[in-house]
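Good morning, and thank you for coming.

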Amino acid sequence: MRADGLLAMLDRWGRWALPGAVLLFFVLLTLAPLRAPYLSGALPLLPALVVFQFSLATPERLPGPLLLTMGILLDLLLGGPGAPVGVSALGFVLIRAAVVNNRRYLVGVPFLFQWFGFCLLALGFVILVWFFTALWTWTAIDPVPALMQYAVVISIYPLLAPLLARVRARDPLNVPDESRGTARPGETTS
Amino acid sequence: MAIRDDFEVVASQVRTVVQRFALGLLVIASFGAMLVGKADTVLVEHARVLALDLASPVLEAIARPVAAANRTIADLKEFASLREENARLREENARLLAWQTAARRLENENERMRGLANFREGPEASFITARIVGDSVSAYVRGALLNVGRKAGVASGQAVVTGEGLAGRIAEVGEHSARVLFVTDVNSRLPVLIERTRERAILAGDNSPQLRLTLLQSVAGVQRGDRIVTSGHGGSFPVGIPIGEVVETGEGSVRVRPFADFSRLEFVRVVDYGVTGLVGGTPAGPAAPPAGIRIR
């Protein structure tokens, strides 16, 4: 009985901590010297992908303050001199809010719709970071590398998203009430 | 029942308001962080250093297997071209031996000349070898994280070199970690010399793989293949570290290809020149800095 209780508790804790831990892992992975062409350039956008994917499934396990902390950590670790600290935090928080407010279009819909949603939100994220970095350092930063990053990360999405999607409960609607969307399976528009 | 329904409606409205408010608060907090970062750069610097120190052990654990895998792949690639590589190296070895003879002769000659002219040498440089544990490469930054810090004697502004040439300079230092800003970063500006003409210029990065030579007195004197070396002006770098060679001379813009291969860096050396000039830090070196460089 006791072992069962302990296991159940660990399971519960694990479930709650997993999205945050995965996000932290990807924030740290941003700095890993992978040296793979294109891929290593796109690493800084992977945390945004993780935020998007987990906001779809379990936004209550990625609370806003956690996203704020992770975003600031990412900016501190990655940023060069003069780069704004907190712009990733702003982007994460906005991605989560956008996903939560549009769950009916994003949860329980075909994968292509989710991909399209990610493309839109990631573009918003890239533009946000680019704009604030340019504003804060007051230089005209070449947007091409940022757009290259974007192109790579939206191509990686179909590879990574199904993996991350395994973290959520099996049934897309088998989630706590407060995070459940209004959409039913097969429903794509209101 | 009506009262209960009303209560539920009000409760849900309150919940919605709180949720909206929460988003607003989070947005305000992120803007607050950005503004604080802009206003108080010292605080942000401390926070960065703290984050680096905390993250560097984890990164080091990640970096080792990654480096091993990268090396294995590189080894396999080299294995395929072993024969040609060997022939090339033998040829290069013969050429270098000839250069070595020339260098010995020049060194002797130089020493005698210095003795005659009573020339006083600049401070001696010492090296700190470091492993690169993290890349801080994104669309906006070109840099890397090292596993050495203040404890090992690293200070802000020191030069970071590879076997081929200059890689960058130390931008931030923690207790056991440091951040290098590569010469290709948009924030990098270096006083340099064109080795052949001894003309001074500024070498600037723009986040692309190549560098831009600016503030030249005359673009006309620069030719393709000219080597660019550090000039030592500003006092934080030794004189004559090779940086790169000119690959393109156009209308008012000269492009330079750095010698250091940033995609394959694994170990670098931090040059402790003993003199950290304009960039701050305490000069721990010899009492006599080279002529013309008076610090503080």
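Leu6(A), Leu7(A), Met9(A), Leu10(A) and Trp13(A) together make a nonpolar surface patch of about 570 Å². Please bear in mind that this is a predicted model.

Let us take one member of this patch, Leu10(A). Where is Leu10(A) found? Leu10(A) lies in helix H1 of chain A, which covers residues 2–29. Is Leu10(A) buried or exposed? Its relative accessible area is 52%, and a residue counts as exposed when that value is over 50%, so Leu10(A) is exposed.

I turn now to chain A as a whole. The secondary structure of chain A consists of 8 helices and 0 strands, and from the N terminus on its elements read α-α-α-α-α-α-α-α. Chain A has 190 residues, of which 51% count as buried. As for contacts in chain A with a separation of 6 or more, 77% are accounted for by residues 24 or more positions apart.

Glu172(B) sits in strand E4, which spans residues 166–173 of that chain. Why does Glu172(B) count as buried? The relative accessible area of Glu172(B) is 3%, and the cut-off for buried is under 20%; therefore Glu172(B) is classed as buried. Which residues does Glu172(B) touch, leaving aside those up to four places away in sequence? They are Glu45(B), Arg48(B), Val49(B), Leu52(B), Ala178(B) and Arg179(B).

Thank you for your attention.

Definitions and conventions
Residues numbered from 1 in each chain as written. Chains lettered and ligands numbered in written order. Predicted model: local features only at pLDDT ≥ 70, side-chain atom pairs only at ≥ 80, totals over all residues. Heavy atoms only, no water. Helix = DSSP H or I, 4+ residues; strand = E, 2+ residues; numbered from the N terminus. Buried < 20%, exposed > 50% of the residue type's maximum accessible area, 1.4 Å probe, protein only. Contact = heavy atoms within 4.5 Å. Patch = residues over 30% accessible without salt bridge, like charges linked within 9 Å, V, L, I, M, F, W, Y side chains within 5 Å. Areas by Shrake-Rupley, 256 points an atom, 1.4 Å probe, with all protein chains shown as cover. Salt bridge = Lys/Arg side-chain N within 4 Å of Asp/Glu carboxyl O.
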